[in-house]
Amino acid sequence: MSTTRAAPAQSRRRAAPGRGGSGPDERRLNWRNRLYRFDMRYMPYLMIAPFFLLFIVFGLFPLVFNGVVSLRNYRLDDPTLPYWAGFENFTRLAGDEDFWNALYNTFGIFLLSSVPQLLLALVVASLLNRKLRAQTWWRVGILLPYVTPIVASSMVFSVFFSRDFGMANWVLGLFGYGSPEAPIDWRADKPHSWTAIATMVNWKWIGYNALLYLAAMQSIPRDVYEAAAIDGAGPWKQLWKITVPMIQPVIVFTVVLSTIGGLQLFTEPMLFDPNAQAATGGPNGEWQTIAQLIYKVGWKDLNLGYAAAMSWALFLIILVVAGVNTLLTNRLSGGRK
Amino acid sequence: MTVAPPRPTAGVRRNRPALMGRAPQDTPAGLGTYLLLAVTMLFAAFPLYWMFVIATSNDEALAKLPPAVVPGDRFMTNVDEVFSLQDVYFAASLVNSLIVSSVVTASVLFFCSLAGFAFAKLRFAGRNALMLFVILTLTVPNQLGIVALYIVMGRLGWNGTLLAVIAPGLVTAFGVFYMRQFIVNTVPDELVESARVDGATTMRVYGNIVLPAIRPALAVLGLLTFVATWNDFQWPLITLSGTDYPTSMVAISDLASGNYVIYRRVLAGAFIATVPLLVMLFIGGRQIVRGIMEGAVKS
């Protein structure tokens, strides 16, 4: 292309190892030679270095250092404690009711948000997987929740699920559920608060996951459907017997993604609480998630060592759950006979 | 029973002879599909619309049943209130968010395309092992290192400054991975080779051949990075809350804390901070869709 033309004239002389010394200026050739060798040998490392440096300093190191901190007494309000704490933070964790409560909440909200999220995404994806007019606009429209800041949408849903004059209660009232005299208090107990928070998560991620599924659906070879037509598989059967197994890798991928994201849920439960800064997730921790508890322990109670131990515990939990979910999904979506 | 097995347009279980063995994406959508999609759109858009309704209402409109569903006329009043609150720094927060998101996006694009190019087209010892490392780190949730990150930033003296928010975002493993894939598929080896033969240095190849060829991928990665950075909340909250330099997300959460939260204000602020992203979706929606869908097929 024109780019090669743009190369300076003397460089056409081929800076390659050729040491024929044909040029009038031997020294310059030598210099070019060295430059060439440097360029070939070390330039690739220079090009990947910024990524690795930055990633190691601000990504990997904190993760490892977190392990060190979790074995220390690291209280911002009391620097006099002995340096090492041994496994004290972890033993304390095992008996910490707040932690188990938060773990319970996290799993509850996770189930209520991930299962409907992925199933509905599958439905939306198969709706989109047709020859549509204004195809791009449907796909873009479905991403509205994805680009909306979670902070903003959580505030909208907070109002939506308010006890007095909340739209959720009003709509449910239309269907004969609840009444203006005794409105549902969405922040009073676990089932209601979990549902409200799960609604936010579902709203945010259904469209995104639908696009992931759609991409996979469109790469299914077309002749598979011909075969299905001959076998006379109905639409529902076709979805579960053909489409789902064919896009299984992507389904597993979304399950892992939503496990990692769902178990670290932070913004939605934080802002669902009118008293967000306390990070207690309701007056009695009705919907306090682990990520929220870590925030509270670390930056409200100023006990960074303990918060680090919790982060490690959460890390392990995520690993285990993601593994189990991968196996489960593999069984459910592919192994079906 | 075996009439024309239609496609699993889940929900629309209608037997459509037209489908007969055709792949779903070749089959024109029926009315039912359009209706269900329209309902989906309604659900997707309603919270955004309602955010605007609340942002334009007065207090009375928010305290009645049935709730208001048409915008009021108080938008400018509410916006003025948000901007004039002394300890929220809302105007500054928008600038901060813009700075953080722009710097992070520019940096991700540059460093990730550079590394992606090296992994895609250059030969060097340890290339495969290092790429494997990048792929493995794709799934590591860095959020779990925030306690230590806070301590690191404390040592550097960056906590409470925009640097603390910018630095961890400067590169992403996803960016490198995405760029590498794109370059492998779109930049022919011969082009790189012939440029080399003509004496072009590696950086020259990057600037003159790779960059022009990967413009679409840069747009995709740039949009995704900008949106994610603008919306980031947990880490900015930890390091910036209580300072005079919040990002807009932190400022909104400040608006929403206190004994008596005035929601029309909060949502006026939230709406303003959402508009830039809606504009980006409107302009670059095609690219964002493409980025997400391409990412899916590759992973």
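How much of residues 42-65 of chain A is helix and how much is strand, and how far apart are the end C-alpha atoms?

A: This is a predicted model, in which local features need pLDDT of at least 70 and side-chain atom pairs count only at pLDDT 80 or more, while totals for chains, interfaces and linings use all residues. Residues are numbered from 1 along each chain as its sequence is written, chains are lettered from A and ligands numbered from 1 in the order in which they are written, and side-chain values use heavy atoms, with hydrogens and water left out.

Residues 42-65 of chain A are 96% helix and 0% strand, with 30 Å between the end C-alpha atoms; helices here are DSSP runs of H or I of at least four residues, strands are E runs of at least two, and both are numbered from the N terminus. The unreviewed UniProt entry lists this span as a "transmembrane region", together with 107-128, 140-161, 194-216, 246-266 and 304-328 of chain A; such positions are given in the numbering used here, feature names are shortened, and annotations may be inferred rather than shown by experiment. Of these, residues 194-216 of chain A are 100% helix and 0% strand, and their end C-alpha atoms lie 31 Å apart.

For chain B, the unreviewed UniProt entry gives the annotation "transmembrane region" to residues including 88-117 and 209-230. Residues 88-117 of chain B are 93% helix and 0% strand, with end C-alpha atoms 43 Å apart, and residues 209-230 of chain B are 95% helix and 0% strand, with a corresponding separation of 31 Å.

Two residues of chain A can be followed individually. Q248(A) lies in helix α13 (residues 248-262) of chain A and is buried because its relative accessible area is 17%, where buried means under 20%, exposed over 50% and partly exposed in between (1.4 Å probe, protein chains only). A polar atom of the Q248(A) side chain lies 3.1 Å from the backbone oxygen of N330(A). A291(A), in helix α15 (residues 290-299) of chain A, is also buried, at a relative accessible area of 3%. Leaving aside residues up to four places away in sequence, A291(A) touches Q264(A), L265(A), F266(A) and Q234(B), contact meaning heavy atoms within 4.5 Å. The C-alpha atoms of A291(A) and P269(A), 22 residues apart along the chain, are separated by 9.5 Å.

On chain B, V275(B) is found in helix α14 and counts as partly exposed because its relative accessibility is 31%.

Key
Polar contact = N/O pair within 3.5 Å; in protein donor to acceptor, adjacent residues only side chain to side chain.
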